[in-house]
Amino acid sequence: MTASITVPYTTPTPTPTATPTSTPTEECVDAENISASPSELKLNTKGSNKVTITVTGKNGCPVEGDSIKASVSNSSLVTVSPRNKTTDENGRAVFTITAKNKTGNAVVTFRDGSLSTQVNVTVEK
């Protein structure tokens, strides 16, 4: 004798899974602050050093794509290159200040629109 057992079959109901969504980050476009690091340099004649300019916006977010213009108060003492540079994704632009063959003091100013910051440079032998 054969016995049969009937087992009810139920289709499993899929459990919904959460789909990850990215939270839009606030795009930082308006520059509110500009700073230089270092803000003071001592160079030997014909020496050079890099200066990093950082541009930030609301809540300190980095501003990408802003044009930074550099100018020198005493071009007989130092040069800066490049003269213009665009900030990267971290809000930074790197410049090189190079001393000529004279001693003295100069100021290099970096501008982003109406914002500016300065690096005081002393050239020594």
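With which residue does the side chain of Thr109 form a polar contact, and at what distance?

Reply: The side chains of Thr109 and Gln118 are joined by a polar contact of 3.5 Å. A polar contact is a pair of N or O atoms within 3.5 Å; within protein, one atom must be able to donate a hydrogen and the other to accept it, and residues adjacent in sequence count only if both atoms are side-chain atoms. The model is predicted, with local features requiring pLDDT of at least 70 and side-chain atom pairs pLDDT 80 or more, while totals for chains, interfaces and linings use all residues. Residues are numbered from 1 along each chain as its sequence is written, and side-chain values use heavy atoms, leaving out hydrogens and water.

Thr109 belongs to strand S8, which covers residues 104–112. Strands (E, at least two residues) and helices (H or I, at least four) are DSSP runs, numbered from the N terminus. Thr109 counts as buried because its relative accessibility is 9%; buried means under 20% relative accessible area, exposed over 50%, and partly exposed in between, with a 1.4 Å probe and protein chains only. Setting aside residues up to four places away in sequence, Thr109 touches Lys69, Ala70, Ser71, Ser116, Thr117 and Gln118, where contact means heavy atoms within 4.5 Å.

The rings of Phe95 and Phe110 have centres 4.9 Å apart and planes at 55 degrees, so the pair is tilted. Rings of Phe, Tyr and Trp (its six-membered ring) pair if their centres lie within 6.5 Å; planes under 30 degrees apart count as stacked, over 60 as edge-to-face and the rest as tilted. Because Phe95 lies in strand S7 (residues 92–99) and Phe110 in strand S8, the pair ties together parts that are 15 residues apart in sequence. Phe95 and Phe110 are both buried.

The order S1-S3-S7-S5 describes an open sheet of 4 strands with antiparallel pairing; two strands pair if DSSP finds at least two bridges between them. Its edge strands, S1 (33–37) and S5 (78–81), each pair on one side only. S1 and strand S3 (residues 48–56) are paired in the antiparallel sense over 5 bridges, and Ser37 stands opposite Thr52 in S3.

As for the whole protein, there are 0 helices and 9 strands. Of its 125 residues, 30% count as buried.
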